[in-house]
Structures are given as C-alpha cells and as structure tokens.
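Me: I am new to this structure. Can we go through the terms and see what stands behind each one?

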Amino acid sequence: MGKCNGRCTLVGFCSLQLIAALERQIFDFMGYQWAPILANFLHIMAVILGIFGTIQYRSRYLIMYAMWLMLWVGWNAFIICFYLEVGHLSQERDFVMTFNTSLHRSWWMENGPGCLVTPVINSNLALEDHHVITVTGCLLDYQYIEVVSSALQIFLALFGFVYACYVSKVFLEEEDSFDFIGGFDSYGYQAPQKTSHLQLQPLYTSG
C-alpha cells in the first residue's frame, strides 16, 4: 500500500508539473521568451519521462527525472533573481530570456491584471520594428507574476524530487529482492542433469 501511495502521489505531482509547464509555455510563446520556451520544452519531456518511469516501474527513468528537477530548480531560481534584479542582473540591460535577439519582455508586462497600455506616438526612443508604450494601473507588476510562477515551479519540483527518490528506492529494493529470490532463473541457471554411465554396445544380427 505504501508503494502504491508513493507512486500515486508522484504521478499526481508530475501531472501538476505538466499542467503548470504547459500553461507557462503558452505565455512564454506569446511573449517571445525563447530561453524559457526551450527550458519548458525540456522540462515537459522530463516530466513525461518521470510519469512513464513511475507507471512502468523504471527506476533509472525516475533517477534521470530527479536529476533534471535539480537543474529545473536552479533555472527557476535564476529567473526569480533576474526579475528581482538581484546582484548585477538588469532587465533593462540583459535580454537573456530572448537570447538577445529582440527587446520583447514578459507577456504579463502588457497583459497583467488591471494593466492599461498606452502607445507613445512619434517617440524618438522607438527602434526599428518596435514601438514605445506606457503601462499603468497594474494590480500586480509582471515581475512579481513571473516570480510567483517560478516559485510554484520550485515548490512542485522539490516535492517531485522527494517522491521520485522514494519511489525509485522502492523500485530498486524490489529489483534486488527479485534477483536474490529468482536470481538463478534470471541468469539462465540450469540444474545439472544426471548422466547415465550405461554404455551402449552395437547389436549385430546374422543375415
């Protein structure tokens, strides 16, 4: 029953991670955030691998999934630091999220709750293929929406890591016990057969 509870809980957390990652992927696509799009894609593949490993009793897949979750926690911690401009990070200078290919920001910058977007006409600050806008009245700034989203990802990843380690440990213990009990069969062992010492002599008949 304990193993079933652990597996069910892990599948549940993986499902939540998958839903949260897909939701995040949609908004990152709309905001042209290429670095998060790539990271989200890898995360979705890893979560699917974790679900498959849990259902199919594959401890190696769960170990790979757990290792990825640690990288995922680090990536989301970096996003939090980036949007809070910790240290020398600056949103005005660093365009890491778009691989420095454009000036696009988070989709939530213009579409956050209560935000009012006003275009600035004939602005000298506008670059080619870009326009200048002012955003006012936001109930929650886009930086904090991104921080909350990343914090949620870290929360799910940490719980998923714990349960992935637990379930993979159970799977490994079961594999070891199975090899110990039925080890001879697993290695193709065959019991020695009794050999007969009776020698057969040719039989001659007169024609």
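Reply: Start with the surface. α2 gives the most to the nonpolar patch, with six residues. Keep in mind that this is a predicted model.

Me: What makes this a nonpolar patch?
Reply: Its members are Phe29, Tyr32, Trp34, Leu38, Phe41, Leu42, Met45, Ile48 and Phe99. A patch residue needs over 30% relative accessible area and no salt bridge, and nonpolar side chains are joined within 5 Å. Together these residues have about 870 Å² of accessible area.

Me: Why is Tyr32 called partly exposed?
Reply: Its relative accessibility is 40%. Buried means under 20% and exposed over 50%. The value for Tyr32 falls in between, so Tyr32 counts as partly exposed.

Me: Where is Tyr32 placed?
Reply: Tyr32 lies in the loop between α1 and α2.

Me: Why is Ser150 called buried?
Reply: Its relative accessible area is 0%. The cut-off is under 20%, so Ser150 is buried. Ser150 belongs to helix α5.

Me: How do you know that Ser150 and Arg24 make a polar contact?
Reply: Their side chains are joined at 2.9 Å. The limit for such a pair of N or O atoms is within 3.5 Å, so the distance qualifies.

Me: Which residues does Ser150 touch, not counting residues up to four places away in sequence?
Reply: Arg24, Asn76, Ile79 and Ile80.

Me: What makes the largest nonpolar core a core?
Reply: Its residues must be buried, and they are joined through side-chain atoms within 4.5 Å. This core has 29 residues. Those with the most contacts inside it are Leu10, Cys14, Tyr65, Trp72, Trp75, Tyr83 and Met97. At least two residues each come from α1 (2-30), α2 (34-55), α3 (59-83) and α5 (142-181). α3 gives the most, with 12 residues.

Me: What is Met97 in contact with, leaving aside neighbours within four places in sequence?
Reply: Met97 is in contact with Gln33, Trp34, Ala35, Pro36, Trp75, Phe78, Ile79, Phe82 and Tyr83.

Me: How many helices and strands does the chain have?
Reply: The chain has six helices and two strands. Along the sequence, the pattern runs α-α-α-α-β-β-α-α.

Me: How much of the chain counts as buried?
Reply: Of its 207 residues, 34% do. The accessible surface is about 13800 Å², and 66% of that belongs to carbon and sulfur atoms.

Definitions and conventions:
Residues numbered from 1 in each chain as written. Predicted model: local features only at pLDDT ≥ 70, side-chain atom pairs only at ≥ 80, totals over all residues. Heavy atoms only, no water. Buried < 20%, exposed > 50% of the residue type's maximum accessible area, 1.4 Å probe, protein only. Helix = DSSP H or I, 4+ residues; strand = E, 2+ residues; numbered from the N terminus. Contact = heavy atoms within 4.5 Å. Patch = residues over 30% accessible without salt bridge, like charges linked within 9 Å, V, L, I, M, F, W, Y side chains within 5 Å. Areas by Shrake-Rupley, 256 points an atom, 1.4 Å probe, with all protein chains shown as cover. Salt bridge = Lys/Arg side-chain N within 4 Å of Asp/Glu carboxyl O. Polar contact = N/O pair within 3.5 Å; in protein donor to acceptor, adjacent residues only side chain to side chain.
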